[in-house]
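Please look at the sequence and structure below before reading on.

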Amino acid sequence: MLFRSPVSMNMIRCHHGNIRAYGVERGNCNLENNTVLPEGIETLEHRECALAFRKTGEGPAVLFIQGVAVHGDGWQPQMVELSTNYTCLSFDNRGIGNSQPLGVKKLTVQQMAEDALALIDAQAWNKCHIVGHSLGGHIATALALTAPERVRSLALFCTSARGKDMPPITLQFLWTSLRSQIGPKPNRRRAFLEMIMPIKMRESEDLDEWANKMAKIFGHDLAEAPSVLHKQVSAYRAHDATSRLRELGSIPTIVASGSEDPVGPPRLGQALAEGIPNSEFHLLDGASHGMTVTHAEEINKLLADHFSKTSTQ
């Protein structure tokens, strides 16, 4: 396991005064329940669920897997930039966004990994890069353990080997989580931002503006939790890949954590990387759980460098 900083510290920026907007226009495709899908969204029927996905770009294939309570379009900051050189596919995990209905009585990480594999099969991809964030990191790990021959590389962000380690249960985190669920909506949004944004950003930037931008990227008002949230949390907390991490040693893997992440703190990411032979650990100073958005430039550079080393393998 190698420990590397992906960029020099003078390149770590939080895009002060320049909050990039990533949104989607509405289209005319309908699901069975007549929900209007965002333009560019397709669906794949798999095990009683219409998995909604978006594909863009040309080049080596990349599958992006999102975390708890976030739609697939949460990867827009990455897909917009990386699609110039890669075919990028993101999707809504079953039971959230446009991937309906849930279709299973009990949601599991393995089921969601099989959903991801079904999407890979449907694209007729022999191999692809896999990128997962938080819950998506657990799904990506399960996918790689299930079908290692289909995985060109792994990138695991803000995640852990054992689900029940996330988040570390502290009084501070419990208080913040509680405030994100009760009280006036503006207060709930700000509490949610405390879990995904670093301190300096929260102290210096317009949090109401950030909440609006995050809502467009995440697919919902930060004050409102998707109904599937607790099932997703239960699924990843039941997942534990610790004993099998060594099986991933042949897959080029990077693990990255934000130094201020209260959900997936760096020690969990480092332990995950230590368990995967030949993997690299990257620490983003001044980043938190939402670093794929707040530090998109650094994440995109990290991914581009990782992919360029492995796309021909």
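In which helix does L174 lie? L174 lies in helix α4, residues 171–179; helices (H or I, at least four residues) and strands (E, at least two) are DSSP runs, numbered from the N terminus. This is a predicted model, in which local features need pLDDT of at least 70 and side-chain atom pairs count only at pLDDT 80 or more, while totals for chains, interfaces and linings use all residues. Residues are numbered from 1 along each chain as its sequence is written, and side-chain values use heavy atoms, with hydrogens and water left out.

**Overall**

- The chain has 11 helices and 11 strands.
- Of the 313 residues in the chain, 57% are buried; buried means under 20% relative accessible area, exposed over 50%, and partly exposed in between (1.4 Å probe, protein chains only).
- The accessible surface of the chain is about 13400 Å², and 50% of that belongs to carbon and sulfur atoms; areas come from the Shrake-Rupley method with a 1.4 Å probe, and for residues only the protein chains shown count as cover.
- Among contacts with a separation of 6 or more, 74% are between residues 24 or more positions apart, where contact means heavy atoms within 4.5 Å.

- Strand β7 (residues 87–91) is mostly covered, with five of its five residues buried.
- In a regular strand the side chains alternate between the two faces of the sheet.
- In β7, T87, L89 and F91 point one way and C88 and S90 the other way, and all are buried.
- Strands β5 and β7 run antiparallel and are joined by four bridges; two strands pair if DSSP finds at least two bridges between them.
- K55 stands opposite L89 in β7.
- Strand β6 (residues 61–65) pairs with β7 in the parallel sense, also over four bridges, and A61 has T87 as its bridge partner in β7.
- From β6 the chain crosses through helix α1 (residues 76–82) to β7 in a right-handed β-α-β crossover, meaning that, with the strands pointing away from the viewer, the path from the first strand over the helix to the second runs clockwise.

**Salt bridges**

- The structure holds 12 salt bridges, each a side-chain nitrogen of Lys or Arg within 4 Å of a carboxyl oxygen of Asp or Glu.
- R47 and E114 meet through their side chains in a salt bridge at 2.3 Å, N to O.
- This pair links distant parts of the chain, 67 residues apart: R47 is in the loop between β4 (41–46) and β5 (49–56), and E114 is in helix α2 (residues 109–122).
- R47 is partly exposed at 47% relative accessible area, and E114 is partly exposed at 24%.
- E247 forms a salt bridge with R244, with the closest N and O atoms 2.9 Å apart; E247 is partly exposed at 46%, as is R244 at 35%.
- K301 and D305 form a salt bridge with the closest N and O atoms 3.0 Å apart.
- Both K301 and D305 lie in helix α11 (residues 296–310), four residues apart, about one turn of the helix.
- K301 is partly exposed at 34%, and D305 is partly exposed at 33%.
- A network of salt bridges links K185, R188 and E224.

**Nonpolar surface patch**

- I169, L171 and L174 make a nonpolar surface patch of about 350 Å².
- Patches are made of residues with over 30% relative accessible area and no salt bridge; like charges are joined within 9 Å, and nonpolar side chains (Val, Leu, Ile, Met, Phe, Trp, Tyr) within 5 Å.
- L174 is partly exposed, with a relative accessible area of 43%.
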